[in-house]
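Me: I am new to this structure and would like to learn how to read it. Could you take me through a few features, one at a time?

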There are 2 protein chains.
Amino acid sequence: MSTAFNCLFFYFPELTKAGVCMKALEDRIRAEGKILPGPVLKVSSFLNHQMDADFMMELGAELARRYAGAGVTKILTIESSGIALAIACGAALHVPVLFAKKHRTSNVSGDLYQTIVHSYTHGTDYTVVVEREYLDASDRVLIVDDFLANGKAIEGLLDIIRQAGAETAGAGIAIEKGFQEGGAKLRESGLRVESLAIVERMNAEGIEFRAES
Amino acid sequence: MSTAFNCLFFYFPELTKAGVCMKALEDRIRAEGKILPGPVLKVSSFLNHQMDADFMMELGAELARRYAGAGVTKILTIESSGIALAIACGAALHVPVLFAKKHRTSNVSGDLYQTIVHSYTHGTDYTVVVEREYLDASDRVLIVDDFLANGKAIEGLLDIIRQAGAETAGAGIAIEKGFQEGGAKLRESGLRVESLAIVERMNAEGIEFRAES
């Protein structure tokens, strides 16, 4: 879907039920994003600490619009900051949302799919688990997350989907760091990746987005 | 709001936009809830591991209906399993949602409100943090969480609201374990607590709900 077509919705608000122009996300990132060492793009004012609930529903609806007709039966995300976008997308697609838990808690019982994810942010490995009864070979899964950088979290979720024998419809991301290798690697592997905003470069001068985002 | 009045919506589906009959939640708990030692009420099939997105939006809308006119400016929850209900409620009230993070990550910078919460489930204390810039004395806060049992998580969030000098509108809960002391203690302290379902007793024979839930 070209930016030009998406942006029709910006000029015809009555169409925004079907899809919000994601220029709105780029504008929001430009207005509120802070660049920290890493580089980390901090968007805690609206996306992953404080969350603009109305805007989150629009982001979820836009991902749902892009994956309409893709046969999605379930959304899979990873705690914590992917949950809000995943539930917004699930509500728009009318499918259940499953979140991988970052470690085994006493509330997780029975047979589990599990995999290890490396976190560059925290410099550690962690285990994520999904109960087997909620994912099986009959599912066609859309992975949703707030960020895509090195792609390690998504690779972990793909491993869980593989263990379940399920199909993957693709990944739906709010913000992709296009200057890190995750998105390119995942697309090269054949995965459909839809990112609502792709940051091409960011530095003290500002943030530049990939045109096709 | 009496159960009888709530249940009008059950018979007049056209009214469900304003409020879903929470008999639906009790029915769902009866049908899918599993009682584990603790006792733990496991509702991972629709509430806090796999999540029924459409139903979550209904639960959030019902909490929003109960707090309509209460002057809520912000919703505060705690990661991870409160986030979905909080975003559903925030979307219905059109207010931002803030989630307390369970430990300091590199993405949380600057001045923080922090407090310590004791988890009976895990037998440990943990620190939760909220960035100061997202909560201040101008806010009137609705606390949202999926479960209320001993009330320790909500006490922690109340402490953060106190540190911010903000007001508390109340708490909105999906499932309260009425046989644990949290709900009674919080209500005695003067807090408004709205629980969509209150489990009075649960054992091998079944689950009994408090009539006024």
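Reply: Gladly! Keep in mind that this is a predicted model. Let us begin with strand β8 (residues 140-148) of chain B, which is mostly covered, with eight of its nine residues buried.

Me: Which strands pair with β8(B), and in which sense, parallel or antiparallel?

Reply: Look for the bridges that link one strand to another. Strand β4 (residues 74-78) of chain B pairs with β8(B) in the parallel sense over three bridges. For a place to look, B:Lys74 stands opposite B:Val141 in β8(B). Strand β9 (residues 167-177) of chain B also runs parallel to β8(B), and eight bridges join the two. There you can find B:Leu148 opposite B:Glu176 in β9(B).

Me: How does the chain get from β8(B) to β9(B)?

Reply: Follow the path between the strands. From β8(B) the chain passes through helix α5 (residues 152-164) of chain B and on to β9(B), a β-α-β crossover that is right-handed.

Me: Is α4(A) mostly covered or mostly open?

Reply: Mostly covered: 12 of its 14 residues are buried. Among them are A:Met56, A:Leu59, A:Leu63 and A:Arg66.

Me: How many residues does each chain bring to the contact?

Reply: The size of an interface is often given as the accessible area lost when the parts come together. Here we can count residues instead: chain A brings 35 and chain B brings 35. On the side of chain A that touches chain B, the elements giving two or more residues are β2 (40-42), β3 (50-51), α4, α5 (83-93) and β5 (97-100) of chain A. The most comes from α5(A), with six residues. By type, that side of chain A divides into 17 nonpolar, 12 polar and six charged residues.

Me: Which strands pair across the two chains?

Reply: Two bridges join β5(A) to strand β3 (residues 50-51) of chain B, and these strands run antiparallel. A:Leu98 stands opposite B:Gln50 in β3(B).

Me: And how are the two copies related?

Reply: Two copies of a chain are related by a rotation about an axis and a shift along it. In this model, a rotation of 180° with 0.0 Å of shift along its axis superposes chain A on chain B (RMSD 0.0 Å). The two copies are therefore related as by a two-fold rotation axis. The same surface serves both copies, since 100% of the contact residues of chain A recur in chain B.

Definitions and conventions:
Residues numbered from 1 in each chain as written. Chains lettered and ligands numbered in written order. Predicted model: local features only at pLDDT ≥ 70, side-chain atom pairs only at ≥ 80, totals over all residues. Buried ≥ 20, exposed ≤ 12 C-beta atoms within 10 Å, placed from the backbone. Helix = DSSP H or I, 4+ residues; strand = E, 2+ residues; numbered from the N terminus. Contact = placed C-beta atoms within 7 Å. Nonpolar A, V, L, I, M, F, W, Y, C, P; charged D, E, K, R; others polar. Pairing = 2+ DSSP bridges. Right-handed = clockwise from strand over helix to strand, strands pointing away. Least-squares fit on C-alpha atoms with pLDDT ≥ 70 in both.
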